[in-house]
Amino acid sequence: MDTSSKENIQLFCKSSMQPVGRSSFKTEYSSSKEKQRCCGKLKVFLGALSFVYFAKALAEGYLKSTITQIERRFDIPSSLVGVIDGSFEIGNLLVITFVSYFGAKLHRPKIIGTGCLIMGVGTLLIAMPQFFMQQYKYEKYSPFSNSTLSLSPCLLESDSQLPLSIIEKSQSKRTDGCVQTVAIIGPIFGFLLGSLCAKLYVDIGFVNLDHVTITPKDPQWVGAWWLGYLIAGIVSLLAALPFWCLPKSLPRPRSREDSNSSSEKFKFIMDDHTDYQTPLGEKSKIMEMARDFLPSLKNLFGNPLYLLYLCASTVQFNSLFGMVTYKPKYIEQQYGQSSSKANFVIGLINIPAVAFGIFSGGIVMKKFRISVYGAAKLYLGSSVLGYLLFLSLFALGCENSDVAGLTVSYQGTKPVSYHERALFSDCNSRCKCSETKWEPVCGENGITYASACLAGCQTSTRSGKTLIFYNCTCVGIAASKSGNSSGMVGRCQKDNGCPKMFLYFLVISVITSYTLSLGGIPGYILLLRCIKPQFKSFALGIYTLAIRVLAGIPAPVYFGILIDTSCLKWGFKRCGHRGSCRLYDSNAFRHIYLGLTVMLGTVSIFLSIAVLFTLKKNCVSKHRSFRTKTEGTMVSTRIRKENCTTSDHLLQPNYWPGKETQL
């Protein structure tokens, strides 16, 4: 209230001559207090719900950031990692439909709190294998951390001796759009946390880090993938606490009960007693609600607009889930970046663009008061423009690294075809090297070799964590030198133009992410307004279920299967089974990753066009029926007025024409 209102209240309070005013003041004052209490609880609910969204998104974002770390730690292919990523959504399948249906009629806050507890415990369980498995093993050529001792990798292999292995552990409307934006902030922290943990060695806290001879740039490096799950699990458990203190429902203030100006979200959150409560305060029974389940489901799927939007969203989320899941891997393989840097870039640049796009979409909807039809056009336009921009990424790739025997010949003069790929050559034939090893060495000539043995190196020198090989016969041949040459542990850098391509990729990726997410809130509003109010909770549950079952679970799996087809060099486990991919064909990876994303996006655009035409058809038919009804009402009203006028004239005994004029 403003100052004048307070002064008027004081005057009403002091005056004893106006009981009516006092009564109206009491009503206004009690209504104001009730409104303040309700708004306070609503703010607490929205704050707690936002924190839950954050906790869930934090765990999901962190899972995406640990894809490559989990691959290396457990030595598994991308297809299996996709199954692990998809299984993150499987828990929702058991309860989401029934919770969305019964949750609207039971104690919602406690149901949400229970879900947070389960989510927290589940996230903690993901990290448990780290504490029950043996320590991470990687190959070393020398057990000394500082040594100038000369070793001969070639001779070691020729004597059928494996490189020495060690086991080491080391430290390694105002609410419109707000909750959705908070849900996007979670992955920002998830990827940044993933970037931090990727710099820490997998067995941090259990061994002396001075004994670790590899760095985060080494292809054998595995970060502390498990650490972030412990943090995310604790955050989820903390998010459950506020919901146990909230009431079952938030009743509307009496002054607002019949107001038409309340927002869509206010009506959705507030409890509608006419829909969800039985008369005379009786509690609704589970069996009675269960009888209405199938009719409610039939009603939803009988709505063509809802069904088309559900299909369009499902296909689009297939595209987005697959793209986001393997984006860190794509940056690593395509542009030669480290896992830590890939996660850092996505968390600090890419995801904020998504959050800003979602928030911008909400602002546009609110400021310009866009209708449902306008929301559908904005949703479609953002998708079309976003995927058109995405097409430009095909031209922003890097060529394959020069890897002897896989992408180029040992002479380094020509590319190697699939049938000509061979890791053995005359320069390393006497070494009897292992074909399954992947311990890349960058030669002085800029060519990467699968191992020092396959490079034909004769001696080596270690200084700290740096290991340099000398007298490498294969390096000398490719360099066209008379003498032998040297090499260093690790893969060679991509060509000189790759860093510039990576910069262009980031710029286009940020713009594309912003454009696609701009249609998020318009699509959400379209979803809410195309269904009846009493089915909103159930419809959102079915929508979420469909997205998770038909997109969240399968997309990472088939994306991973197709990406595995671009592998050039597979690793092998100690038991002899195939492990994770060590080297991908950059061109094939790019075409599969980007092509599949664009193909799914195109299908979703056509379905969105169908949504727009269906909505337009409904609007035209409703407009015609409204006009027909209005015209009929006007005609009947005019006839009634004429009849009433005639009857009035007949009923007046002293009436004559011109009476009103004379009087």
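Predicted model: local features only at pLDDT ≥ 70, side-chain atom pairs only at ≥ 80, totals over all residues.
Reader: In which order do the five strands of the open sheet lie, and is the pairing parallel or antiparallel?

Author: As a general idea, strands of a sheet pair through backbone hydrogen bonds, and the pairing may be parallel or antiparallel. In this model the open sheet has the strand order 4-3-7-6-5, with antiparallel pairing. Strand 4 (448-449) and strand 5 (459-463) stand at the edges with a single partner strand each, so one side of each has no neighbour in the sheet.

Reader: How many bridges join strand 3 to strand 7?

Author: Strand 3 (residues 441-443) and strand 7 (residues 485-489) run antiparallel and are joined by three bridges; in one example, C442 has M488 of strand 7 as its bridge partner.

Reader: Turning to the helices, at what angle do helix 3 and helix 4 cross?

Author: The axes of helix 3 (residues 67-74) and helix 4 (residues 78-87) cross at roughly 120° and come within 10 Å, which makes helix 3 oblique to helix 4. The crossing is right-handed, and its contact brings together I67, I70 and E71 of helix 3 with S78, V81, I84 and D85 of helix 4. Of these contact residues, four are nonpolar, one is polar and two are charged.

Reader: Which residues meet where helix 21 packs on helix 22?

Author: Helix 21 (residues 520-529) and helix 22 (residues 536-552) pack at about 130° with axes 9 Å apart, and they are therefore oblique to each other. Y524, L527 and L528 in helix 21 meet K536, L540 and Y543 in helix 22, a contact with five nonpolar residues, no polar residue and one charged residue.

Technical notes
Residues numbered from 1 in each chain as written. Heavy atoms only, no water. Axes fitted to C-alpha atoms, helices over the stretch in contact; angles between N-to-C directions. Helix = DSSP H or I, 4+ residues; strand = E, 2+ residues; numbered from the N terminus. Parallel < 35°, antiparallel > 145°, perpendicular 65-115°, else oblique. Contact = heavy atoms within 4.5 Å. Nonpolar A, V, L, I, M, F, W, Y, C, P; charged D, E, K, R; others polar. Pairing = 2+ DSSP bridges. Left-handed = near helix turned anticlockwise from the far one by under 90°.
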